Amino acid sequence: MSPWSWFLLQTLCLLPMGAAPRRGAPGAANCELKPQQSELNSFLWTIKRDPPSYFFGTIHVPYTRVWDFIPDNSKEAFLQSSTVYFELDLTDPYTISALTSCQMLPQGKNLQDVLPRDIYCRLKRHLEYVKLMMPLWMTPDQRGKGLYADYLFNAIAGNWERKRPVWVMLMVNSLTEVDIKSRGVPVLDLFLAQEAERLRKQTGAVEKVEEQCHPLNGLNFSQVIFALNQTLLQQESLRAGSLQIPYTTEDLIKHYNCGDLSSIILSHDSSQVPNFINATLPPQERITAQEIDSYLRRELIYKRNERIGKRVKALLEEFPDKGFFFAFGAASQ
């Protein structure tokens, strides 16, 4: 259990609702998905107060892939709550603008100016490959909704030469066939935010964009170049057919629908940052990978969870008469 879950369970008197998620149960990845509501696993906890408040673990995948496996009691808790809080306010134009701004290089700088020439050339070559393949990756359903490959590529990668290398690394990591096929449907977090807005609920956020953005920008240049190089190596190996990734988005969705909260696969959804540690790295590079992993865990998991936990507690104490529904990423908690 992560520090965030432990903090909430200890300080807010959380009680599981419905069937409890299986935490590391043997064979959880092979669970039989149960259609009966009474047997569905729940990522919902109730906070003992009057009116009750709730803590719900989300996942960053299209909501249509998981919605049927979310129990009715979780949906009912969302409907009954007057106030819904997310990590960030996903419906606020400022949030999108600030996220875009923090990803950009200083004015007048381009990636070609900051990256080693060989990495820049490999990056450009890979993005050209993605652009070429994207029409083949898209589904008939996407095309039926008027979502075209050129538009989608420009929406994701159109301004890539102006982005900081660390954000380009994350972009490359998400430009895969499986991820492209899922574009066009709101992820669960955004769907809940849109529903809360439609139902005229009061909404809020416990984090500022800068608090999510600055830790990634805080990696030093050599760490970022290492990370980008490793990401490109992985994508190049996948293209060549010499590498098969150990987990997929399909695995992630199944673990969530099976209620496997502590799954290693599920934990990859928490920050969308690839894991660079592997036994094939030379000793010095392995040290760099471990330093990146330690830094990101400290900044994006432990410090962040403690900060969020204090803010949740403060909200509950400040507004004892409100029923809150907190929807945060299940894997990062």
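**A walk around helix α11**

This structure holds 14 salt bridges, and as you explore, keep in mind that the model is predicted.

Start by selecting R307 and E207. Their side chains meet in a salt bridge, 3.4 Å from N to O. The pair links distant parts of the chain: R307 sits in helix α15, while E207 is in the loop between β5 (202-205) and α11, 100 residues apart.

Next, show helix α11 itself, residues 209-217. V209, E211, C213, P215 and L216 are buried there. Their cover includes α3 (93-102), α8 (165-174) and α15 (283-318).

Now pick C213 together with C102. They form the one disulfide in the structure, with sulfur atoms 1.5 Å apart. The torsion about the S-S bond is about 85°, so the disulfide is right-handed. C102 lies in helix α3 and C213 in helix α11, so the pair joins parts that are 111 residues apart in sequence. Both cysteines are buried.

Finish along helix α15 with E299 and K303. Their closest N and O atoms are 3.0 Å apart in a salt bridge. Being four residues apart in the helix, they are separated by about one helical turn. E299 is buried at 17% relative accessible area, whereas K303 is partly exposed at 42%.

Methods:
Residues numbered from 1 in each chain as written. Predicted model: local features only at pLDDT ≥ 70, side-chain atom pairs only at ≥ 80, totals over all residues. Heavy atoms only, no water. Buried < 20%, exposed > 50% of the residue type's maximum accessible area, 1.4 Å probe, protein only. Helix = DSSP H or I, 4+ residues; strand = E, 2+ residues; numbered from the N terminus. Contact = heavy atoms within 4.5 Å. Disulfide = S-S within 2.5 Å. Salt bridge = Lys/Arg side-chain N within 4 Å of Asp/Glu carboxyl O.
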